[in-house]
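Please examine the sequence and the structure shown below. The paragraphs that follow consider the ligand and its surroundings, and then the pockets.

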Amino acid sequence: MKSINVQIDKIFAPASALTPADIQALKPEIEQAHAWLHNGQGKGSDFLGWVNLPSSITSAQLDEIEAVAGTLRAEADLIIAVGIGGSYLGAKAVLEALGGSFDSLAAPKKGRNPRLLFAGQNISEDYTWELMEAVKEYDIAAIVISKSGTTTEPAIAFRILRDEIERRYGKEGAARRIVAVTDASKGALRRLADTEGYKTFVIPDNVGGRFSVLTPVGLLPLAAAGIDVRSLVCGAAEMERLTAEAPFGENPAMQYAAARTALYRAGRKIEILASYEPKLQNIGEWWKQLYGESEGKEGKGIFPASVTLTADLHSMGQYIQEGERTMFETVIRVAEPSHTFRIEADGENLDGLNFLAGRRISEVNRMAVLGTMLAHVDGGVPNLAIELPRIDARGIGALLYLFEKACGLSGYALGVNPFDQPGVEAYKKNMFALLGKPGYEQEGEALRKRL
Ligand code: PA5
């Protein structure tokens, strides 16, 4: 595989923002962070299971995932993955990156063309109602994913879907159509799955939600959607090896982590992940959770944002070009598209586009990338570039792992525990208190006085 390249070139940074010396100066800290990820002596070391995960996935584990996915594909036109946060965003991102942009136009059909939908990632009554209306005409199955097994959003969606599946297919039929991905022994979902006799997959204790895309959390729904999960894992394992062994100067995870750390310390508090391929939009969503939840704590951390260009140049472009200079941009560039499409010459040239005649759309896109990067750099926004050879399962697997590894390194360089998320509990406590959950009575009373 041609490897993913991290480019931190002089044309990509205004002279004052980031120099090779700034990056080199971080070598000792990043190497220390790297050692902690591998020797387990840093903060949050109970959650380092992702570090060697890709290379430790066995063919037998993939066989089992593919076999269960195959059963669901044979039974259902629509397979609904129920989960939120780390139990949802990875599968959604990879499915969108590797699926066709217009797959939703093809009729879902079990065996031939089952479709993966998502639920449990919101508490919208309208979304729920529309989902249940949309699935009426189709055979359905569900993959319910929750590490804790107690998260409210997927629990509500799953209760509704389970009722529907049991009503249609009976308890026994439901047990063939529902698969749970959860903790080995704890949580309401584990209890429910064991009681009802659902097939289950375990989320390893030492892999946190946002690092779990390469466990059954991501792999099962992706296999059910027909994605080549073996190549995905293979690409991630190649990146695991590269980032474990390569020295600082040639290590893409270390280079990316060092560059963003240097920029943060120089006052760049916002990182915008930009891509020029609409299929990568949800990679941005997954990446935002990965970095936001890992770094945003103790009053510190880069705020992760994302844009899909060139579309968002027509909405966010003005701010990026001339707004407050507290941001930098990380651009995902794709070297080779998967398809060829040329712009034809037009006899009359009324639209004035004949200067592009005979050229590929990707050439125009490439010039848009370079032109935008240069403009943003001139506007005072440092740009880093990550180049993906093409959008395929191997490349996406490698990209996911690269971001995970760099996230662990950056989090340690920031001085936080990158593997916990204590702040996520605050809204849950308030919501339970306001809803009158037993045990939250006092908090509920106090909160209601503030409303
Ligand atoms: O990264 C995380 O830990 C979170 O985003 C969780 O994945 C999310 O809150 C869902 O949790 P659970 O899988 O326990 O339902």
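How far does a polar side-chain atom of Gln289 lie from an oxygen atom of the ligand? In this predicted model, the distance is 2.5 Å. A polar side-chain atom of Ser146 also lies 2.6 Å from an oxygen atom of the ligand. Gly86 contributes through its backbone: one of its polar backbone atoms is 3.0 Å from a ligand oxygen atom. Taken alone, the ligand exposes 380 Å², and the protein buries 88% of that area.

The ligand is surrounded by 13 residues, and Ser87, Ser146, Ser148, Thr151 and Gln289 are the closest. By class, this shell consists of nine polar, three charged and one nonpolar residue.

Strand S4 (140-146) and helices H7 (152-177), H12 (281-295) and H16 (425-435) each give two or more residues to the lining. Helix H16 provides the largest share, five residues. The lining of the largest pocket divides into 13 polar, twelve charged and eleven nonpolar residues.

Attention may now turn to the second largest pocket, with about 780 Å³ of space. It is lined by 27 residues, and Glu277, Pro337, Ser338, Ser362 and Asn365 lie nearest its centre. Helix H5 (89-98), strand S9 (327-334) and helix H14 (361-378) each supply two or more lining residues. The largest share, six residues, comes from H14. By class, this lining has 14 nonpolar, seven charged and six polar residues.

Terms used
Residues are numbered from 1 along each chain as its sequence is written. This is a predicted model: local features need pLDDT of at least 70, side-chain atom pairs count only at pLDDT 80 or more; totals for chains, interfaces and linings use all residues. Side-chain values use heavy atoms; hydrogens and water are left out. A residue is near a molecule or strand if one of its heavy atoms lies within 4 Å of it. A polar contact is a pair of N or O atoms within 3.5 Å; within protein, one must be able to donate a hydrogen and the other to accept it, and residues adjacent in sequence count only if both atoms are side-chain atoms. Accessible areas come from the Shrake-Rupley method with a 1.4 Å probe; for residues, only the protein chains shown count as cover. Ala, Val, Leu, Ile, Met, Phe, Trp, Tyr, Cys and Pro count as nonpolar, Asp, Glu, Lys and Arg as charged, and the others, Gly among them, as polar. Helices (H or I, at least four residues) and strands (E, at least two) are DSSP runs, numbered from the N terminus. On a 1 Å grid over the protein atoms alone, a cavity is a set of points where a 1.4 Å probe fits but cannot get out, and a pocket is an open set with protein on both sides within 12 Å along at least five of seven lines; lining residues have an atom within 4 Å of a point. Grid points are joined across faces, edges and corners, and a volume is the space filled by probe spheres set on the points.
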